[in-house]
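Please open the model in a viewer and keep the selection tool at hand.

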Amino acid sequence: MKSLLTRATLALTLAVSIAGPAAAHRQWMLPSATILSGQDPWITVDAAVSNDLFYFEHVPLRLDGLTVTNPDGSAGTAENQATGKYRSTFDVHLSQPGTYKVALASAGIMASWEENGQRKRWRGTVDSFAKEVPANAEKLQVTEGARRLEFFATAGKPTETVLKPTGKGLELAPVTHPNDLVAGEQASFTLLLDGKPASDVEVTVIPGGIRYRNDLGEMKLKTDKDGAFTVTWPTAGMYWMTAQTEDKKTSVPQASKRSATYTATFEVMAP
Amino acid sequence: MRTLLSLSMTGLAVTPVMAGELAVTVEIPKLEVAEYHRPYVAAWIETPDQQFVANLTVRYDVKMRDNEGTKWLKDMRQWWRRSGRDLTMPVDGVSAPTLPVGENRLTWDSAKAPLNGLKPGSYALVVEAAREVGGRELIRVPFDWNGKPVKAEAKGESELGRIAVEVKG
């Protein structure tokens, strides 16, 4: 069951990362709030894959592999998970004060080859690749992909523990706290690939509410040599951010390339 | 705790004790709306470059069961960012019930916290109001704190009426 689920996640991950951002639908999680006060705060989250942000119009985002990291670094739970026609939903109980990270991260290999004139397709982990894909497969095509999709939410005072990068795949190391963003102010971030600065990578930022305007309002930014970039938020609202890298640093020699995507949702407050 | 916080956060020295008082008038306008709830109101002192100095009062549903009234404190979003998120409510001497419609005159003794630590200089009184199923408004009234009498005021447009500062030397 577990591996089936993982494969389903990978299928979506790899399909999206291979198709590339231009052709892909957008994946996102939309929290009901990211800045909370009070004794017993909860958030509810929509998760979907769609063209327009943030509307449910295509397919739900599969929640397999969803993780919640509590402010103290321990694993939290995503409660009341449900998947409908167009969206998945879940709740997070912010029972500790501080900043939470909610993420869908996965990495794996996708392979295809010919066997007796038939096209075979395989998805799995780096470890299972050698065992399950024939060493002498004909016309073998192998791609490696990693995806991270996340957002942050804070009860009370923002904290830093969950902001520490995992060192795997493409990640954001916030300089400005992700739950302290205000329209008209500049926010600084660093993009990391496997924990090291990802330089010269294009980062796309799009404000939500696309349906009710003509202009996409897309901001194209670029990381500098240290992986750093800044965003000045034009207005308050929910924003979608995404970046993708491609390189040859594959875990299995048969893979031609490795792609990594990072996607996050940020809430920007009015001043 | 409050004294500790206001001192540590502002770096104020406990030096000049000026006799007198600070009076703040907060007018809550009467609104013709179908569903009316008294607004949450925070009043604090900041420097001219908008650095937080000290809280004067935070008016919210203090009496709700299980401290539930704190759920909407974040709607005073500038206060929340400058101070509220760093506090554990209720804060003694700061937390207080919501204000009724009309002019509310609130006073602080300059010999007591938080004013006893306030260095002479230029400041602003900031009043922020956020109303359930209503709007939000923030008003700044600059004033000088140097032992001399001051009268200054500003007028809100939606959630706040007249906001006045009076320093009595």
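A salt bridge is counted when a side-chain nitrogen of Lys or Arg lies within 4 Å of a carboxyl oxygen of Asp or Glu. This is a predicted model, in which local features need pLDDT of at least 70, side-chain atom pairs count only at pLDDT 80 or more, and totals for chains, interfaces and linings use all residues. Residues are numbered from 1 along each chain as its sequence is written, chains are lettered from A and ligands numbered from 1 in the order in which they are written, and side-chain values use heavy atoms, with hydrogens and water left out.

**First selection: Arg162(B) and Glu153(B)**

Select Arg162(B) together with Glu153(B): the two form a salt bridge whose closest N and O atoms are 2.5 Å apart. Arg162(B) has a relative accessible area of 24% and is partly exposed, whereas Glu153(B), at 51%, is exposed.

Proceed to Glu159(B) and Arg131(B), whose side chains meet in a salt bridge at 2.7 Å, N to O. This pair links distant parts of the chain, 28 residues apart. Glu159(B) is in the loop between strand 8 (150-155) and strand 9 (162-168) of chain B, and Arg131(B) is in the loop between strand 6 (121-130) and strand 7 (136-145) of chain B. Are these residues buried or exposed? Glu159(B) counts as buried at 6% relative accessibility, and Arg131(B) counts as buried at 10%.

Arg65(B) is exposed, with a relative accessible area of 60%, and Asp66(B) is exposed at 55%. Over all chains, the count comes to 25 salt bridges.

Display both chains and select the residues in contact (heavy atoms within 4.5 Å). Chain A contributes 15 residues and chain B contributes 15 residues. Between them the chains bury about 1,100 Å², of which 46% is on carbon and sulfur atoms; buried area is the accessible area (1.4 Å probe) that two parts lose on being put together, summed over both. Highlight Ser37(A), Gln39(A) and Asp180(A), which supply 39% of the area that chain A buries against chain B, more than any other three residues.

How many salt bridges are there between chain A and chain B? The count is four. One of them joins Asp180(A) to Arg81(B), with the closest N and O atoms 2.6 Å apart.

Finally, hide chain B and colour chain A by secondary structure. Chain A has two helices and 19 strands; helices (H or I, at least four residues) and strands (E, at least two) are DSSP runs, numbered from the N terminus. The C-alpha atoms of chain A fill a box of roughly 65 × 40 × 40 Å along the principal axes. Of the 271 residues in chain A, 51% are buried. Among the contacts in chain A with a separation of 6 or more, 66% come from residues 24 or more positions apart.

How values were computed:
Buried means under 20% relative accessible area, exposed over 50%, partly exposed in between (1.4 Å probe, protein chains only).
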